[in-house]
Structures are given as structure tokens and as C-alpha cells.
Amino acid sequence: MMEEVKDKDKFSGWYLKILEDAGLIDSRYPVKGMVVYKGWGLFIIRQMQRHLEKLLEEAGHEPVLFPVLIPDDILGKETKHIAGFEEQVFWVTHAGANELERRLALRPTSETAIYETFRLWIRSHQDLPLKIHQSCAVYRYETKHTRPLIRGREFLWNEGHSAHIDDEDAMRNIEEIKEIYGKLIRDILCIPFIVSRRPEWDRFPGATDTFAFDTIMPNDKTLQIATIHNLGQNFSRAFEITYEDEKGEHKYVHQTSYGPSFGRLLAALVSIHGDEKGLVLPPEISPIQCIIVPLFFKGTDKERIQRYAEDVGKKLNEAGIRNHIDSRDERPGNKFYYWEMKGVPLRIEVGPRDMERNELTVVRRDTGKRSQLKFDRVSEIPKIFDEITENLRKTAQKRFDQRFFKIGSMEELSKNSGRGILSLGWCGNDECAEKIERYVDILSVNNDRGTCIVCGRDGKEVNAANTY
Ligand SMILES: [Zn+2]
């Protein structure tokens with residue numbers, strides 16, 4: 001069914017076209033790497049945001065919004081952090097014609113801005129754990145090839161930050177965030193993923209550990225959609241964030257930070273569920289969940305059918321289902337194509353026969369299956385939504401599970417690189433890693449049971465893939 005889209009060579013073109021055709025974004029904005037979010041795309045992003053913020057706040061996070069500008073001395077306080085971001089920072093150096101005394105960075109991420117304030121907020125062990133989150137845009141001067149929603153110079157995300165009395169509590173928070181992100185990504189967006197503990201060289205600058213959520217795109221490249229970092233005491237030492245424990249001793253807090261990219265989640269959603277007709281959206285996040293198309297045939301009473309369609313719309317409103325009646329003067333077939341392309345989960349056709357029988361014709365976007373539904377059973381539609389969600393989740397998971405391969409030699413690696421996520425042996429040596437990374441990026445080091453495919457020594461089993 002999806003062969004055309006899943007064709008690696010055609011995927012990239014399909015992706016760029018559907019973003020524009022479906023009205024998700026406009027990528028013609030005259031600053032490279034920055035896009036305009038349009039109604040259909042922004043609605044989906046806001047739905048994700050609403051779900052995520054609710055989950056975070058239920059888990060004890062307080063919403064905040066920090067300024068976009070960070071003074072350069074504060075951005076530079078944690079040395080590894082600034083070294084990692086230095087090349088990507090946009091600087092504000094002037095106010096009008098006057099040069100600023102202190103240049104200001106557009107936040108590439110907010111650890112430094114927020115921790116400068118955590119220092120003031122945290123006094124005693126009773127202030128801990130402190131957990132906050134914000135949804136905002138961040139700015140990075142990406143030098144790699146930019147791609148809408150996947151790699152941009154401005155992107156939308158939610159970032160969470162926490163401070164704890166010890167490492168154990170910080171680790172507990174990391175596990176809780178893994179669950180929260182899992183709920184958003186797998187349960188609501190139906191996107192399959194693995195969580196990888198990144199190798200040392202691929203950690204977030206300033207972190208002691210980074211866990212990343214990776215999914216697989218139709219071209220078999222992995223896309224990192226969220227990360228969680230254990231910051232240890234690196235930032236609390238740099239920013240002097242201490243608390244007084246029960247004995248009156250001052251101690252540095254332990255910290256974590258984390259964020260999913262809304263743009264990348266949207267990119268994954270579009271690519272993983274989409275097909276040759278366009279988007280396929282999970283009902284929970286679709287701007288319109290049911291599109292009602294009145295069928296005006298020759299000789300039918302247009303007004304009566306329109307009224308019947310409006311009755312259906314009212315009934316859907318009562319059931320809390322987002323709906324729209326497409327009464328445009330267009331052929332029904334054109335309307336069908338249009339709403340299928342936009343990914344609306346359910347189409348309701350109402351024609352003369354449906355009206356006579358007090359029924360509706362219901363067509364699923366994911367399977368194309370048609371069925372009849374009695375007018376007074378409209379309230380059962382959420383059940384169909386659950387079936388659609390379940391089907392999208394299972395279909396995507398099945399395809400994902402088929403893209404894991406075991407690799408036993410360099411020859412096999414050269415033949416299979418770019419096929420998904422490869423599991424292979426690596427001895428831990430830099431030279432061997434370099435040879436492996438000519439073909440693939442190492443995503444994670446899993447365990448100590450592997451034979452290096454380069455030199456044959458005992459080593460570790462690693463996951464590797466071509467990455468975005
Ligand atoms: Zn080796």
C-alpha cells in the first residue's frame with residue numbers, strides 16, 4: 001500500500017511536497033532554516049504540547065517561560081556546554097546603532113539561563129526536587145544541510161529541567177520522563193522508538209549521560225526525536241546551585257534536563273503513517289477528526305441533505321468530536337481526495353439513501369474500509385477512533401521491528417548500512433569506531449557481549465544506523 005512513499009529515493013520528494021500540500025508549513029520564508037507553521041501543522045503541534053504539558057504537570061513540573069536572550073558570560077559558565085554550542089550560537093550585538101556592552105545569545109537551549117535562576121530559587125532540601133518545563137523556540141545556526149521540521153535554525157520544543165538532592169532521585173526522574181515521553185510518542189502519536197544510551201562522544205555538552213529516543217524514517221535513517229540528560233553536578237558546580245541539608249551542610253544539587261522536538265515529532269508522524277494519498281493522522285491529534293461530505297446528486301433535495309449533514313455535525317459536537325461539513329460546490333471525489341491528503345481519520349458521507357435510512361456512511365482513512373452507522377449511534381465513533389489508533393500503532397511497530405539486523409563482519413556492514421538499526425560488535429577502540437562510522441553512526445553501546453567486526457577482539461555489542 002505504501003510502497004511508493006516507502007521507496008527510499010522517492011521519500012524525500014514526497015516528504016517536502018506533503019508538508020506544503022497538506023498546509024502544515026510554508027518553507028518559503030526568507031531566512032534559511034526557518035519555516036512558517038500553518039494552521040494544520042500548528043494545531044497538531046499544539047495538541048502534542050497540550051498532552052505533554054499535562055503529563056509533566058501531573059508529575060510535579062511547574063510551567064515557566066524564560067527570556068530568549070542569554071548574556072554571554074552566563075552561557076559560557078559550564079565549559080563543556082559552551083564548547084559544544086559555541087559554533088551554533090546566534091548573537092545579538094547591537095541595539096539600534098549602538099554596540100551592546102555585553103553581547104546576548106539567542107538561546108540554543110536553556111540550561112544556563114534557567115540554572116542562573118535555580119541558584120536563587122534553591123535554598124534548602126525542602127525546595128527539592130525542583131521540576132520545571134517550558135515550551136518555546138530555540139535557535140541554532142546549523143551548518144549541516146537544513147531540512148524542514150527535521151533540522152532547522154529555529155525549532156519548537158518543550159524543555160524540562162530538574163534539581164534533586166542526590167543522583168538516585170535524579171535517576172528516578174529520568175525513568176519517569178522516559179515513561180511520559182513514551183506516552184506521548186507511542187500511545188498518542190503511534191510512533192515506535194527505541195531509547196538508546198548514547199556513547200560518550202555523542203552526549204549532550206555538559207551531561208554525564210544522554211538517553212535518546214530514536215525512530216526509523218521510511219528511508220531507513222534514524223531520527224532522534226527526544227533526549228534526556230543526566231547532568232550530574234556539572235552545572236550545579238558551575239552555577240553554584242547548592243542546598244542546605246538537614247544537618248545544615250551545603251551541597252550541590254544533582255540535575256537532569258530533557259526535551260522532545262515538536263518539529264521532529266511532526267516530521268516522524270507525517271513520514272511514518274503517511275502513504276501515497278498523503279497524511280494519515282491519529283484521531284487524537286487531528287485538527288478535524290470527522291469530515292462530513294454531503295452528497296448532492298442530480299435531482300436530490302440539496303437543502304434537505306445539507307440539513308441532515310448539519311444534524312450529524314451537531315450530534316458529533318455533542319460527542320466532543322472535532323468535525324467540519326464540506327459543502328463546497330465541488331465534485332465529491334475531489335473532496336474525498338483533498339481530505340484524505342490532509343489525513344482526516346474518518347469521512348462521513350451523507351447521501352439521499354443514508355438520509356432515508358437514518359444512517360451515515362463511514363470511511364476510515366487508515367484502511368479505506370466503509371461501513372454504515374445508524375444516526376443515533378454516532379456516539380460510538382470514539383470506539384472507531386480507538387481502533388484506528390491501535391491499527392496505526394501496530395502497523396508502524398511491525399514495520400519498525402523488521403528493520404533491525406545483526407551484522408557479523410565489515411563486509412556485511414558495507415552491504416547493509418542504511419537498512420535500519422544494525423547490531424554489531426565493537427572492541428571499544430577509537431580506530432575501529434572510526435572504521436565503523438564510515439558507514440554508520442553508533443547510537444548506543446548495549447552490553448559487553450560482542451566481537452569487534454573490524455579487529456576480531458572481544459568487545460561490546462552496539463546499535464548503529466544512518467542518522468539524520
Ligand atoms: Zn576493534
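**Loop with the cis proline**

I started in the loop between α6 (111-121) and β7 (130-139), where Pro129 lies. I'm working on a predicted model here. I checked omega for the step from Leu128 to Pro129 and got a value near -5 degrees, a cis peptide bond.

**Positive phi away from glycine**

Leu149 turned up with a positive phi of about 70 degrees, and it is not a glycine. I found Leu149 in the loop between β7 and β8. Is Leu149 buried or exposed? I counted 27 C-beta neighbours inside 10 Å, and the cut-off for buried is 20 or more, so Leu149 goes down as buried.

Glu240 is another non-glycine with positive phi, about 55 degrees. I placed Glu240 in the loop between α8 (234-239) and β12 (242-244). Glu240 has 13 C-beta neighbours inside 10 Å, so I noted it as partly exposed.

**The seven-stranded sheet**

I traced the strand order of an open sheet of seven strands and wrote down β3-β7-β8-β14-β11-β10-β9. The pairing in this sheet is mixed. Which strands stand at the edges? They are β3 (62-63) and β9 (194-197); each has a single partner strand, so one side of each has no neighbour in the sheet.

I then zoomed in on one pair. β10 (residues 209-216) runs antiparallel to β11 (residues 222-232), with eight bridges between them.

**Helix pair α3 and α7**

I moved on to α3 (residues 39-58) and α7 (residues 167-188). Their axes come within 9 Å and cross at roughly 145 degrees. The crossing of α3 past α7 is right-handed. From α3, I listed Met48, His51, Leu52, Leu55 and Leu56 as the residues that meet α7. On the α7 side the list is Ile180, Lys183, Leu184 and Ile188. Sorted by class, this contact has seven nonpolar residues, one polar and one charged.

How many of the five residues of β5 (residues 91-95) are buried? The count is zero, so I wrote the strand down as hardly covered. β5 pairs with β6 (residues 98-106) in the antiparallel sense, over four bridges. I checked Ala95 and found Asn98 as its bridge partner in β6. The two strands form a hairpin with two residues between them. In that turn, Gly96 has a positive phi of about 65 degrees.

I looked up Ser379 in the loop between β19 (370-374) and α13 (381-401). With 13 C-beta neighbours inside 10 Å, Ser379 counts as partly exposed. I then took the C-alpha to C-alpha distance to Glu318 and got 8.4 Å, for a pair 61 residues apart in sequence.

Methods: Residues numbered from 1 in each chain as written. Predicted model: local features only at pLDDT ≥ 70, side-chain atom pairs only at ≥ 80, totals over all residues. Axes fitted to C-alpha atoms, helices over the stretch in contact; angles between N-to-C directions. Left-handed = near helix turned anticlockwise from the far one by under 90°. Contact = placed C-beta atoms within 7 Å. Nonpolar A, V, L, I, M, F, W, Y, C, P; charged D, E, K, R; others polar. Pairing = 2+ DSSP bridges. Buried ≥ 20, exposed ≤ 12 C-beta atoms within 10 Å, placed from the backbone.
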